[in-house]
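Subject: Structure for you to look at

Hello,

I am passing on the structure we talked about, and below it you will find my notes on what turned up. Please keep the structure open while you read, so that you can find each place for yourself.

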Amino acid sequence: PSIAELSNESRFADLMIIGSEVFYTNGSAGPFEYLKAALHKAECPVMIVPEKFYQPSQVIVAYDGTESSVFAIKQFAYLFPEYSKLNTTLVYLGDRKQPIPSADLIEELGSAHFEKLVIRKLTRDDGESFDNWLGEHWNPILVSGSFNRSGLSELFQKGFVIRTIIQHKTLVFVAHH
């Protein structure tokens with residue numbers, strides 16, 4: 001289907017599920033361009049699913065302080081309440097001196113939805129890489145807000161969701177408004 005058709009259908013859906021590897025060859029702009037466009041134009045949350053996966057054993061939430069990342073947390077919790085019992089890490093990437101935005105409020109929200117919440121700050125000045133850190137976690141589902149918009153694309157480097165799909169072949173939940 002065309003991106004316009006997907007966008008229109010997503011307007012009336014609670015969740016769109018996309019098999020990530022199916023999109024490798026769609027579109028002429030190159031690998032993942034069709035997937036990027038579909039994510040950008042989706043009007044509902046999207047679950048990107050590798051062709052082979054296991055039920056997630058943990059939840060990783062990418063948080064950057066934007067309304068989009070908070071929206072993604074809420075949408076994920078509403079759509080997948082069964083994952084609330086899993087170990088959940090809310091991860092923020094920033095400078096050592098920079099505090100986590102709205103730390104008290106995000107901890108309150110996260111704790112209301114996830115029983116085993118841990119908040120983790122990765123610091124750029126320590127050379128900690130989100131990709132490397134994520135690679136140390138077995139079978140996670142990544143929850144993300146923005147996709148090629150402000151916020152996450154800036155903090156986690158442009159295209160971190162696509163890199164995660166390619167490198168880790170893990171479930172990814174994306175929601176923005």
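T88 counts as buried in this predicted model, because its relative accessibility is 1%, and the cut-off for buried is under 20%. The residue is found in strand β4, and once its neighbours within four places in sequence are left aside, T88 is in contact with V59, V61, F114, K116, L117 and V118.

Helix α2, which covers residues 33-41, also has buried residues, namely Y34, L35, A38 and L39. These four lie on the same side of α2, because they cover an arc of only 135° around the axis.

The next two places concern the backbone angle phi. Most residues other than glycine have a negative phi. S102, however, has a positive phi of about 50° although it is not a glycine, and S102 is found in the loop between β4 (87-94) and α4 (103-113). N139 also has a positive phi, near 55°, and is likewise a residue other than glycine; its place is in the loop between α5 (130-135) and β6 (140-144).

Are these two residues buried or exposed, or partly exposed? S102 is partly exposed, with a relative accessible area of 44%, whereas N139 counts as buried, at 14% relative accessibility.

Best wishes

Conventions. Residues are numbered from 1 along each chain as its sequence is written. This is a predicted model: local features need pLDDT of at least 70, side-chain atom pairs count only at pLDDT 80 or more; totals for chains, interfaces and linings use all residues. Side-chain values use heavy atoms; hydrogens and water are left out. Buried means under 20% relative accessible area, exposed over 50%, partly exposed in between (1.4 Å probe, protein chains only). Helices (H or I, at least four residues) and strands (E, at least two) are DSSP runs, numbered from the N terminus. The arc is that of the directions from the helix axis to the C-beta atoms. Contact means heavy atoms within 4.5 Å.
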